[in-house]
Amino acid sequence: MKLSFQKHHKIILSVALLGLVMACNRPPDLPVEPKISFNKVEFKEIVEVIGSTGVEIRTGQLSLSFNISDGDGDIGIDGGDIGPDYDFITYPNGEIVKFGERPEDPPFTCVDYIREAAEGDNGLDLNGNGTATDTLRIQLNEDRFNFFIDFFVKKNGTYQELDFRRIPESANGITLCGEIPFDSRIPCLSNDANPCSAITNNPGPIEGVIKYDMQSGLFLPVFRTDTIKVVFQIQDRALNRSNVVESPEFTLQSASID
């Protein structure tokens, strides 16, 4: 007998670039702010069988394809991009403050604070006080991602947001506080060995289609047969936001592919 269960915590994000064209043979008549529009949404159930036990792990992959154009082609952030614009964490008012030093700071959560030794960086001493075991007040940088997506479910004829950001990922990127947002980093749109440098040093208009894959055990048990829609937006390397796009309403069943 085969056992089957839903794997709720598995989130896999991947991006495929479909038909992206560097429009260098025509005048750069596109605005430098990215512009996007809905293309299609697809869903498929994925079943993984674990070893000889016959245990099945079921997840779902929701794939959102959207059209994109950008006048200077500066779309993408690599996973290792750092600096004031791309760091995952910042410090309120630029101050590195230990937990409990300021009465006005919030109580401890894994979103508002980070433990130095928990960063996985050989116990980096962030505040330079000779110990790498402090708990420090931080803020998650809203520009750490360049793709943003929200989910809405129709209830009694009215759409209500299902907020996957309610308990975001922890600042060190390892410990999960709860549900995980589906926001992420679209990589730099170049085939060069150093893609982000390539698009920065050689700006030019681009047009094409991006396919954004989200694999999670949350989709099937959470959405079931509900009518849903997604609202999404992207941001370029200069931190210009695109227009906000809303998909047509759909169900997992209506978007299902083999």
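Leaving aside residues up to four places away in sequence, phenylalanine 151 touches Leu62, Gln160, Glu161, Leu162, Phe164, Phe182, Met214, Phe219, Phe223, Lys229 and Val230 (contact: heavy atoms within 4.5 Å). The model is predicted: local features need pLDDT of at least 70 and side-chain atom pairs pLDDT 80 or more, while totals for chains, interfaces and linings use all residues. Residues are numbered from 1 along each chain as its sequence is written, and side-chain values use heavy atoms, without hydrogens and water.

**Nonpolar cores**
- Phe66 and Phe151 have the most contacts inside the largest nonpolar core, which has 31 residues (a core is a set of buried Ala, Val, Leu, Ile, Met, Phe, Trp, Tyr and Cys residues joined through side-chain atoms within 4.5 Å; buried means under 20% relative accessible area, exposed over 50%, partly exposed in between, with a 1.4 Å probe and protein chains only).
- At least two residues of this core come from each of β3 (35-50), β4 (55-70), β9 (147-155), β11 (206-216), α2 (219-223) and β12 (228-234) (DSSP runs numbered from the N terminus: helices H or I, at least four residues; strands E, at least two).
- A second, separate core has five residues, including Ile89, Ile114, Leu136 and Ala171.

**Disulfide**
- The whole structure contains one disulfide (cysteine sulfur atoms within 2.5 Å).
- Cysteine 188 and cysteine 196 form this bond, with an S to S distance of 1.9 Å, and both cysteines are buried.
- The torsion about their S-S bond is about 90 degrees, so the disulfide is right-handed.

**Positive phi outside glycine**
- Asparagine 93, in the loop between β5 (89-90) and β6 (113-115), has phi near 60 degrees.
- Asparagine 93 counts as exposed because its relative accessibility is 73%.
- Leucine 239, in the loop between β12 and β13 (245-246), has a positive phi of about 70 degrees.
- Leucine 239 is partly exposed, at 28% relative accessible area.
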